[in-house]
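Visitor: I have a model open on my screen and would like a friendly tour of it. Could you take my questions as we go?

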Amino acid sequence: MSFSKAQDLVRLARMAAARHRGISLEEISAEFGVSHRTAQRMTDALESSFGNVLIEDGEDRKRRWRLVDPDLDRLQLRHETGVEALEIAARAAEAEGRLRHARALTDLRDGMLARVPARARVEADAEAVLAAMGQVTRPGPRVSLAPDILDAIIEALRGPFRLRVRYHRDAAPRILEPHGVLLGHRTYLAARDPAKADEVRNFRIDLIHEAETLNESFALKDGFTIADYAANAFGVWQDPRQYGEVVWRFAPEAAERAAGFQFHPRQVLEYQQDGSLLVRFHAAGWLEMAWHLYQWGDKVEVIAPPALRDMVDGYRRSDFVAMP
């Protein structure tokens, strides 16, 4: 849509909101100096852009378009996409055991629908899309998490507040200072154990058997962000001794497929003259890298680090019928 057409759409929305009876095609044609067909296209754009458009046929048999809420700072975009997004997010949260988030997202979805003039249409349109979207999960086993443990961690992160946990079933209680959560094949709590060290380290949430949020605030580690912390690893495992440059070379027949992956948020891709692809990034976690590299068979070669190259040497199979 051009800028001038966008301006016309906003102007049309203002007119539809300001006029008690709404606006008809004839009035649109006269106001904007356009043909009847163009006026129809403008009302189509109005309907597709805003969710609070009410269409009514008057006693004069003329159809009019009206915005239900006259406060233009509250013009509502179409709700179908919002309903779909909230429903998908709620399903994902429930699958991950984040029941509190799932309930909150469902409540938001229901609240949005309650305020929609054409609720039945919005629900039908959203349901058609949701029914056609299958939820794809990673293959393989997944560790289950206790909802009450996650709830306590979420409360602690909001403070931030210290967290009393029992890590491993028979261990003594310990006090942690939570800094974030890492989601993956296992879910980890990134936290500092001030009784042992100042550094942030990972704690498997499935091994936390008791968790209580304490009314004790603390200062997060200076300059810490969960994004930077996560970027230090290929997966979720953090090991400063392994951190360094990682270089993989994908064979020409695998280069295009590999280029479609984000192996690391700060990766650099370098195509070579022979058609192969070099992938470079800095991270730790050699075991998780080896798990992933095995799927590529002999289509990938580890250039660096040497320790990772030694781990995968002898396991690069040539009989895989497909690549990841």
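**A walk through the model**

Guide: Gladly, and let us start with two helices: H4 and H5 are roughly antiparallel to each other. Please keep in mind that this is a predicted model.

Visitor: At what angle do the axes of H4 and H5 cross?

Guide: The axes of H4 and helix H5 (residues 99-114) come within 8 Å. H4 passes H5 in a left-handed crossing. Angles over 145 degrees count as roughly antiparallel, and these two axes cross at roughly 160 degrees.

Visitor: Which residues of H4 meet H5?

Guide: On the H5 side, the residues involved include Leu99, Ala102, Leu105, Leu108 and Met112. Several H4 residues are buried, among them Val83, Leu86, Glu87, Ala90 and Ala93. The H4 residues that meet H5 are Gly82, Val83, Leu86, Glu87, Ala89, Ala90, Ala93 and Glu94.

Visitor: How far apart are the end C-alpha atoms of helix H4?

Guide: Helix H4 covers residues 80-95, which is 16 residues. At 1.5 Å a residue, they should span 22 Å.

Visitor: Which glycine just after H4 takes a positive phi?

Guide: The place to look is just after H4, where the phi angle is about 85 degrees. The residue is glycine 97.

Visitor: Is valine 116 buried or exposed?

Guide: Valine 116 is found in the loop between H5 and helix H6 (119-131). Its C-alpha atom is separated by 9.7 Å from that of valine 68, 48 residues apart along the chain. The cut-off for buried is under 20% relative accessible area; at 6% relative accessibility, valine 116 therefore counts as buried.

Visitor: Which strands stand at the edges of the open sheet of four strands?

Guide: This antiparallel sheet has the order S10-S11-S9-S12. An edge strand has a single partner strand, so one side of it is left without a neighbour in the sheet. The edge strands are S10 (268-271) and S12 (300-304).

Visitor: Which residue in S11 stands opposite glutamate 270?

Guide: Four bridges join S10 to strand S11 (residues 277-283), and the two run antiparallel. Opposite glutamate 270 stands leucine 278.

Visitor: Which strands does helix H9 touch?

Guide: Helix H9 (residues 252-259) packs on the sheet, and its direction makes about 125 degrees with that of S9. Another helix, H10, lies across S9, S11 and S12, running at about 5 degrees to S9. The strands that H9 touches are S9 (244-250), S10 and S11.

Visitor: Which residues does histidine 292 touch, not counting residues up to four places away in sequence?

Guide: Histidine 292 is found in helix H10 (residues 286-293). At 15% relative accessibility, histidine 292 counts as buried. With that sequence limit applied, histidine 292 touches Phe234, Phe261 and Phe263.

Definitions and conventions: Residues are numbered from 1 along each chain as its sequence is written. This is a predicted model: local features need pLDDT of at least 70, side-chain atom pairs count only at pLDDT 80 or more; totals for chains, interfaces and linings use all residues. Side-chain values use heavy atoms; hydrogens and water are left out. The expected span of a helix is 1.5 Å times one less than its number of residues. Buried means under 20% relative accessible area, exposed over 50%, partly exposed in between (1.4 Å probe, protein chains only). Axes are lines fitted to C-alpha atoms, for helices over the stretch in contact, and angles run from 0 to 180 degrees between N-to-C directions. Angles under 35 degrees count as roughly parallel, over 145 as roughly antiparallel, 65 to 115 as roughly perpendicular and the rest as oblique. A crossing is left-handed if the near helix is turned anticlockwise from the far one by less than a right angle, and right-handed if clockwise. Contact means heavy atoms within 4.5 Å. Two strands pair if DSSP finds at least two bridges between them.
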